[in-house]
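Let us walk through this model together, one region at a time. Have the viewer open and follow along.

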Amino acid sequence: MMDFIGFTKRNLIIYFKDVLAIFFSLLTSIIIFILYLLFLKGTFVDALNGTLNGLENFVSGADIDMLANGILLTGILGTAMITVPYTCLQTIVKDRESGVDSDICATPLKRWKIVLSYFTASTLSSFIMTSLILTVGLVVLNFMGDLHLSVQSLIAAYGMMFLGSASSTALFMLVMLFFKSSSTSTAFFGILSAAAGFVIGAYIPLSQFSEGVQGFCNLFPASHITSLIRNILLSGIANNIDSSIGGVDNGAFISAVKDTFSFNAHAFGTDFSGMNSVLYVGIFALICIAAMMVVYSKTYKK
């Protein structure tokens with residue numbers, strides 16, 4: 001067990017000692033934050049105010065701002081769950097390129113432990129970073145207003161961070177099989193970083209895309225996790241707004257908000273409930289982990 005812990009620790013140190021790697025793994029999240037300050041917040045707030053449609057006297061501007069800020073936070077978290085595990089997993093390619101993997105295989109460390117160590121280190125790295133972002137984001141939002149979060153919602157949010165980190169890591173470990181050099185994996189990371197914000201609906205809500213594009217985006221676990229986080233973090237403020245309206249609109253405003261900002265994943269004509277999304281992500285992760293253990297074990301055995 002100590003050999004597994006030691007190798008996992010080694011992979012964690014490689015990521016956290018590289019300040020540039022940490023910065024670039026969060027670059028997409030930083031870009032989303034900057035764009036939000038420049039114009040995305042205005043776009044979100046205008047969309048929410050437009051949806052009010054005569055209910056302006058019932059809903060405070062502060063609640064609308066908090067709802068928009070919460071949508072921003074979920075977008076940042078969703079992109080980080082894609083870029084952080086990928087960056088950490090680039091250690092696999094670097095080890096292969098430099099021949100370190102041959103040295104590792106020459107040790108008594110069992111092949112499945114090698115694979116599991118890469119997976120564990122990446123999952124923990126992503127969980128630590130996304131949990132840190134979530135904590136800082138909630139503290140900042142707490143000074144700006146009230147999200148009406150319960151203790152159960154907070155626990156569920158951190159649980160989603162772990163599930164999202166594990167599922168993204170499992171997927172990207174399979175992707176890493178196709179890269180033989182760091183330059184190739186870095187080039188792909190550039191494409192991934194650019195696409196991440198669109199895939200999870202950070203720039204434009206997925207509901208604004210065509211049915212086919214929505215279906216494609218929701219094939220990825222990160223999109224489901226982002227939708228789940230929106231539900232967990234924003235249900236409190238959404239319920240508070242609904243209470244302020246007092247049933248005048250029969251819940252139409254909140255229903256429209258949830259549809260517009262994809263509080264539930266939608267793929268190929270099917271609406272996923274929260275539990276269905278959790279099951280989808282869980283099954284997706286288990287399939288990827290099983291494939292990863294088989295493929296990587298054979299690779300290192302050679």
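At 42% relative accessibility, Phe162 falls in the partly exposed class, where buried means under 20% relative accessible area, exposed over 50%, and partly exposed in between, using a 1.4 Å probe and protein chains only. Before going further, a word on the ground rules: this is a predicted model, in which local features need pLDDT of at least 70 and side-chain atom pairs count only at pLDDT 80 or more, while totals for chains, interfaces and linings use all residues. Residues are numbered from 1 along each chain as its sequence is written, and side-chain values use heavy atoms, with hydrogens and water left out.

The structure contains eight aromatic pairs; rings of Phe, Tyr and Trp (its six-membered ring) pair if their centres lie within 6.5 Å, and planes under 30 degrees apart count as stacked, over 60 as edge-to-face and the rest as tilted. Phe162 belongs to one of them: its ring centre is 5.7 Å from that of Phe127 and the planes stand at 80 degrees, so the pair is edge-to-face. This pair links distant parts of the chain, since Phe127 sits in helix α6 (residues 111-144) and Phe162 in helix α7, 35 residues apart. Helices here are DSSP runs (H or I, at least four residues), numbered from the N terminus. Phe127 is partly exposed too, with a relative accessible area of 25%.

The axes of α6 and α7 are 8 Å apart, at an angle of about 145 degrees; axes are lines fitted to C-alpha atoms, for helices over the stretch in contact, and angles run from 0 to 180 degrees between N-to-C directions. Their crossing is right-handed, which means that the near helix is turned clockwise from the far one by less than a right angle.

The contact includes Leu77, Tyr86 and Ile92 from α4, together with Met160, Gly164 and Phe172 from α7. Its residues divide into eleven nonpolar, four polar and no charged.

Tyr86 and Phe172 turn up again in a cluster, where ring pairs link them with Phe179, Phe188 and Phe189.

Further along, what surrounds Gln214? This residue lies in helix α9 (residues 211-217) and touches Leu206, Ser207, Phe209 and His266, not counting residues up to four places away in sequence. With a relative accessible area of 9%, Gln214 is buried. Phe216, by contrast, is partly exposed at 45%.

Finally, look at helix α8 (residues 182-199), which holds Ala195. Ala195 is partly exposed, at 32% relative accessibility, and its C-alpha atom is separated by 17 Å from that of Ser227, 32 residues apart along the chain.

Conventions:
Helix = DSSP H or I, 4+ residues; strand = E, 2+ residues; numbered from the N terminus. Contact = heavy atoms within 4.5 Å. Nonpolar A, V, L, I, M, F, W, Y, C, P; charged D, E, K, R; others polar.
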